[in-house]
Amino acid sequence: MALAHSPKIVTDGLVMLVDPNHPRCWDGSSGTITDLASGLSLTKGTHTTSGTYRGQRVFATTANSGTLDTGYRYGSITNGDKVVDSAGSWTISGWIYKNENLPNNYWHIFTDGSSGDILVINNSNGSIATSMNGAYDGTLTSGSSADYGIDWDDLDYGWVNLVLVYNQASSYLQLYVNNVAQAQQTGKVINTNYKLRNFYGWGSAQASYHTDADNSHTMVYNRVLTAEEISQNYNALKSRFGL
């Protein structure tokens, strides 16, 4: 059987890989997305559509305002469904497109679907941050919300690779933007029952909870990736995204 991913990416600990350009992942119209790492079946948001970049299919959004259901998610938060939880460490890597349209809402990039927002872009100042106040254990049990010291507004137009690492043993969050490490956020302990399951949207059509930007190749690992491994993944994919 042919590989469902680039042979150059790190596979140790890979538990989810969503690639809209791969036909085994998404056919461009179905409401179901199949993860290429573990075979998870994810539900596509109603307002996530098929877009194209350099001849490759990407996930797009039908509009930039209004009440939208964007991105995709695994299962139901009320059932305790998850891709990973925070009883251990994890790493998330995603590609998202920046154009001249600045966020006009609070973009929820990675979340549990109940405001356990492990990564957001704040429309008021463009900051990339963690803001956890969810009802389903989506909380920081030690430490406060984190601002990673880099703003969406300051990034160049084009595809952006966002990688977020949670080191459970050492109690820190680390963001990488296009393979550059940002300020490490120490003393951050996430509720061990926190369940990551939503990507590029909150999980329902909420006026302030969607993500308008196109997105593409996204991976989740059940461990900390080293800086060298993050570089390996970035270098394996950057030419695909024009970098």
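User: Trp 152: buried or exposed?
Analyst: Buried. This is a predicted model, and in it Trp 152 has 0% relative accessibility, so it counts as buried.

User: And Trp 107, what's its relative accessibility?
Analyst: Trp 107 comes out at 3% relative accessibility. The cut-off for buried is under 20%, so Trp 107 counts as buried.

User: Back up a bit. How many aromatic pairs are there?
Analyst: The count comes to 15 aromatic pairs. One of them is Tyr 72 with Phe 199.

User: Are those two rings stacked or edge-to-face?
Analyst: Stacked. The ring centres of Tyr 72 and Phe 199 are 5.6 Å apart, and the planes meet at 25 degrees. Stacked needs planes under 30 degrees apart, so this pair qualifies.

User: Where do they sit in the chain?
Analyst: Tyr 72 is in strand 6, residues 72-74. Phe 199 is in strand 20, residues 198-199. Tyr 72 and Phe 199 are both buried.

User: What about Trp 107 and Trp 152, stacked or edge-to-face?
Analyst: Edge-to-face. Their ring centres lie 5.7 Å apart, with the planes at 70 degrees.

User: Which residues form the aromatic cluster?
Analyst: Trp 26, Phe 59, Tyr 72, Phe 110, Phe 199 and Tyr 200 form one cluster. Tyr 72 and Phe 199, the stacked pair, are among them.

User: New topic. How many helices and strands?
Analyst: The protein has 1 helix and 21 strands.

User: What does the radius of gyration say?
Analyst: The protein has 16 Å. A compact globule of 243 residues would have a value near 18 Å, so the two agree. The C-alpha atoms fill a box of roughly 45 × 40 × 40 Å along the principal axes.

User: How much of it is buried?
Analyst: Of the 243 residues, 55% count as buried. The accessible surface comes to about 9500 Å², and 43% of that belongs to carbon and sulfur atoms.

User: What share of contacts is between residues 24 or more positions apart?
Analyst: They account for 65% of the contacts with a separation of 6 or more.

User: Last one. How many positive and negative charges?
Analyst: There are 14 positive and 20 negative charges, and their mean positions are 7 Å apart.

How values were computed: Residues numbered from 1 in each chain as written. Predicted model: local features only at pLDDT ≥ 70, side-chain atom pairs only at ≥ 80, totals over all residues. Heavy atoms only, no water. Helix = DSSP H or I, 4+ residues; strand = E, 2+ residues; numbered from the N terminus. Rg over C-alpha atoms; globule rule 2.2 N^0.38 Å. Buried < 20%, exposed > 50% of the residue type's maximum accessible area, 1.4 Å probe, protein only. Contact = heavy atoms within 4.5 Å. Areas by Shrake-Rupley, 256 points an atom, 1.4 Å probe, with all protein chains shown as cover. Lys, Arg positive; Asp, Glu negative; His and termini not counted. Charge placed at Lys NZ, Arg CZ, Asp CG, Glu CD. Phe/Tyr/Trp six-rings, centres within 6.5 Å; stacked < 30°, edge-to-face > 60°.
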